Amino acid sequence: MNYNSRKLPSRETLARAQRFNNDIVEVSGVDLVLSLITTADLIRANIYAQLDKDYGVSEGKFALLMSLFSEGETCASDLALRIGVTPATVSVMVKRMLASPKPLISMTKSGEDGRSRLITLTDAGERLIQEALPNHLKSIRAFAQVLNPQEQESLIAMLRKLLRK
């Protein structure tokens, strides 16, 4: 989806839609949330497109690699909790990543019965993260640069207030 060309409904359109239910309420909250969603989608699409272009890593793979980089080796179920996906999704991701010509992760048997498996970064995975992370953070910071430091801090405080709901 091209988020750059997405056009949000006007406040007049939002107000008109609310009248279908005989509601007359301020539409700024709806406008705010739609703007936040669109902004987040735009940022994510651009940042992860750059990561994929430069390093051949999707958002999900990068999240998995970053989790292993920051927290160390783990089992698939714990990894799923860390990155916010289902264990089945992690299983598919791991199988695909292990099938790569130069795997960024490895899996070893753990436990006395050998049924449990631990996933960890390979040396190639560690090198990729160490190379990609500075550029990834630079891409993220570039989106925030349209705001001065005071505006950035104000927006952070407001977003955290929304998250506490």
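Trainee: Which residues in the largest nonpolar core touch the most other members?

Mentor: The core has 22 residues. A nonpolar core is a set of buried Ala, Val, Leu, Ile, Met, Phe, Trp, Tyr and Cys residues joined through side-chain atoms within 4.5 Å, where buried means under 20% relative accessible area, exposed over 50% and partly exposed in between (1.4 Å probe, protein chains only). Touching the most other members are Phe-62, Leu-64, Leu-65, Leu-68, Ile-105 and Leu-128.

Trainee: Which elements give two or more residues to this core?

Mentor: This is a predicted model, in which local features need pLDDT of at least 70 and side-chain atom pairs count only at pLDDT 80 or more, while totals for chains, interfaces and linings use all residues. Residues are numbered from 1 along each chain as its sequence is written, and side-chain values use heavy atoms, leaving out hydrogens and water. Helices (H or I, at least four residues) and strands (E, at least two) are DSSP runs, numbered from the N terminus. The elements giving two or more residues are α2, α3, α4 (76-83), α5, β2 (116-121) and α6 (123-144).

Trainee: How many helices and strands does the protein chain have?

Mentor: Starting at the N terminus, the order of elements is α-α-α-α-α-β-β-α-α. The total comes to seven helices and two strands.

Trainee: Which residues of α3 are buried?

Mentor: α3 has 13 residues and reaches 18 Å from first to last C-alpha, close to the expected 18 Å (1.5 Å times one less than the number of residues). The cover over its buried residues includes α2, α4, α5, β1, β2 and α6. Those buried residues are Phe-62, Leu-64, Leu-65, Ser-67 and Leu-68.

Trainee: Is α3 roughly parallel or roughly perpendicular to α4?

Mentor: The two helices pack at about 105°, with axes 10 Å apart; axes are lines fitted to C-alpha atoms, for helices over the stretch in contact, and angles run from 0 to 180 degrees between N-to-C directions. Angles under 35 degrees count as roughly parallel, over 145 as roughly antiparallel, 65 to 115 as roughly perpendicular and the rest as oblique. That makes α3, relative to α4, roughly perpendicular.

Trainee: Is Leu-104 buried or exposed?

Mentor: Leu-104 lies in the loop between α5 (87-98) and β1 (105-110). Leaving aside residues up to four places away in sequence, Leu-104 touches several residues, among them Leu-65, Met-97 and Leu-128. Because its relative accessibility is 18%, Leu-104 counts as buried.

Trainee: Which residue forms a salt bridge with Arg-44?

Mentor: A salt bridge is a side-chain nitrogen of Lys or Arg within 4 Å of a carboxyl oxygen of Asp or Glu, and the count by this rule is one. In this pair the closest N and O atoms are 2.3 Å apart, and the partner of Arg-44 is Glu-59.

Trainee: Which helices hold Arg-44 and Glu-59?

Mentor: Both residues are partly exposed, Arg-44 with a relative accessible area of 43% and Glu-59 with 30%. The pair ties together parts 15 residues apart in sequence, because Arg-44 and Glu-59 lie, in that order, in α2 (residues 28-55) and α3 (residues 59-71).

Notes: Contact = heavy atoms within 4.5 Å.
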